[in-house]
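Subject: Structure for you to look at

Hi,

Here is the structure I promised to pass on. Have a look first, and my notes follow below.

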Amino acid sequence: MTEVVLDAVNKVYPDGFHAVRDLSLRVPDGELFVLLGPSGCGKSTVLRMVAGLEEITSGSLWLSGHLANHLPPRERDLAMVFQNGALYPHRNVRGNIAFPLEVAGQSSSESHERIVELSRALGIEETLHRLPSTLSGGQRQRVAMGRALIRQPGIFLMDEPLSNLDAGLRNELRMEIGALVRSLGVTTLYVTHDQTEALTLADRVAILRRGILQDVGTPQQVYDDPATMFTAAFLSSPPINLVRASVRADQNDGIFLGVGDQQLRMPWTDPRATALVSQHGSFVTLGIRADAMHPDPDGVISGRVRTLEFHGHEWLAHVEAGVVLVDSETFHDEESQFAERTGQSGLLRRLLRTAGVIAEEAPIAPIAHGGTHRRSDLVFRMESRSGITAGETVRLSVDTDRMLLFGEDGRRIDKVER
Ligand SMILES: Nc1ncnc2c1ncn2[C@@H]1O[C@H](COP(=O)(O)OP(=O)(O)OP(=O)(O)O)[C@@H](O)[C@H]1O
Ligand SMILES: [Mg+2]
């Protein structure tokens with residue numbers, strides 16, 4: 001049984017950069033666990049600490065109940081596949097997959113059957129005699145996976161193994177990876193920045209932002225019931241509407257949420273109303289997904305349709321509704337935000353940081369309600385064009401049951417229990 005537990009793990013790189021903060025996670029035996037987050041949020045750092053390729057600054061790593069902070073990588077019973085899983089160029093596919101068995105001194109007759117079986121499961125049986133240079137990108141990644149899995153590791157680590165492949169191949173291989181690791185029952189930590197990949201593949205998923213855990217749960221839990229505004233925004237496509245709203249509690253009628261010059265009412269029978277009482281007189285952020293609003297002559301929100309976008313399976317309408325949206329820029333990861341602000345890449349930034357030209361960490365843009373707003377459009381989704389045209393005024397009703405409520409700190413006001 002291989003269980004992976006991280007307990008308050010921190011990583012501070014030698015240049016002082018705090019890449020992972022107080023991360024606690026428990027991945028039970030046999031789980032397919034996905035680490036998701038934007039570029040630079042610390043995913044690879046976490047994986048490399050589990051693998052023993054990166055030192056843990058503080059906190060504990062437990063592998064099957066044993067403290068493993070200082071265990072050498074080869075004693076951790078794990079295998080890893082990287083983004084550009086380099087193969088041995090002068091060994092054919094069979095030789096690449098067999099390599100770990102040879103190192104372990106296993107006889108070739110013993111290994112023969114297992115190689116054939118595994119290459120069949122990976123769909124590369126026909127390529128066993130070929131050199132890596134003659135394979136497609138997808139086939140090469142399959143060989144890298146075969147080489148990692150041949151010794152039946154207790155833990156399988158994958159760092160964006162599909163990111164160099166085209167969309168069709170990604171989908172195909174993603175499904176195969178899921179099926180393969182589940183059939184082997186190997187505890188798997190899989191890193192990606194692609195939310196679709198995470199939601200479709202994972203038993204459970206953890207979302208990281210700037211080295212801080214935002215949320216962890218099954219794909220459905222983190223999507224339907226996200227613990228933070230960041231998670232809600234990161235997992236939403238089309239983007240979730242994040243709307244600033246004033247809160248007024250009325251003894252008789254419930255909570256009134258002021259959105260622009262319009263008022264949404266939440267009756268006292270709604271369990272979230274109680275959580276909102278303490279916000280009376282201040283502002284919260286409402287998360288309203290594009291499919292949680294629809295045209296309705298009696299709708300509370302009204303606005304002018306600015307544009308209609310055709311997306312094949314749906315239309316998206318952008319509506320100027322006089323509301324204030326909390327700027328989704330707030331959720332950009334630190335590296336890209338920095339790059340946008342200054343035109344500097346992450347690498348350049350790291351160099352500057354090392355040289356002491358810039359501070360250890362850029363200040364985290366506030367998720368607070370002051371200063372980060374912009375006037376913009378609400379987006380709602382329609383299955384068909386529904387006779388709506390650009391320029392006309394529509395009224396929209398909001399599916400308040402599905403509305404998410406976030407406080408100043410970007411966390412849900414009605415706390416999420418997992
Ligand atoms: N050796 C290092 N020294 C200093 N900072 C580092 C080092 N390695 C990584 N970092 C920084 O730590 C942060 C996390 O890096 P990491 O590689 O874990 O990100 P990631 O989430 O895997 O990103 P990506 O999706 O781009 O691969 C980044 O800001 C990165 O610049
Ligand atoms: Mg990475």
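A question to start with: at the start of α5, which backbone nitrogen does a side-chain oxygen of D166 reach? The backbone nitrogen of G168, to within 3.1 Å.

Some housekeeping before the rest. This is a predicted model, in which local features need pLDDT of at least 70 and side-chain atom pairs count only at pLDDT 80 or more, while totals for chains, interfaces and linings use all residues. Residues are numbered from 1 along each chain as its sequence is written, chains are lettered from A and ligands numbered from 1 in the order in which they are written, and side-chain values use heavy atoms, with hydrogens and water left out.

**The chain overall**

The chain has eleven helices and 20 strands (DSSP runs numbered from the N terminus: H or I of at least four residues for helices, E of at least two for strands). Of its 418 residues, 50% are buried (buried is under 20% relative accessible area, exposed over 50%, partly exposed in between, with a 1.4 Å probe and protein chains only).

**Helix α5**

Helix α5 covers residues 167-184, and its end C-alpha atoms are 26 Å apart, which agrees with the 26 Å that its 18 residues should span at 1.5 Å a residue (the expected span is 1.5 Å times one less than the number of residues). Its buried residues are R170, L173, R174, I177, G178, L180 and V181. They pack against β3, α3, α4, β7, β8 and α6 (contact means heavy atoms within 4.5 Å). For background, an α-helix has 3.6 residues a turn, so residues three or four places apart point the same way. After α5 comes G185, with a positive phi near 70 degrees.

**Ligand 1**

There are 16 residues around ligand 1, and S39, G40, K43, S44 and T45 come nearest (a residue is near if one of its heavy atoms lies within 4 Å). An oxygen atom of the ligand is 2.5 Å from an N or O atom in the side chain of S39, and an oxygen atom of the ligand is 2.8 Å from an N or O atom in the side chain of K43. The protein covers 78% of the 640 Å² of accessible area that ligand 1 has on its own (Shrake-Rupley method, 1.4 Å probe; for residues, only the protein chains shown count as cover).

Cheers

Terms used:
Polar contact = N/O pair within 3.5 Å; in protein donor to acceptor, adjacent residues only side chain to side chain.
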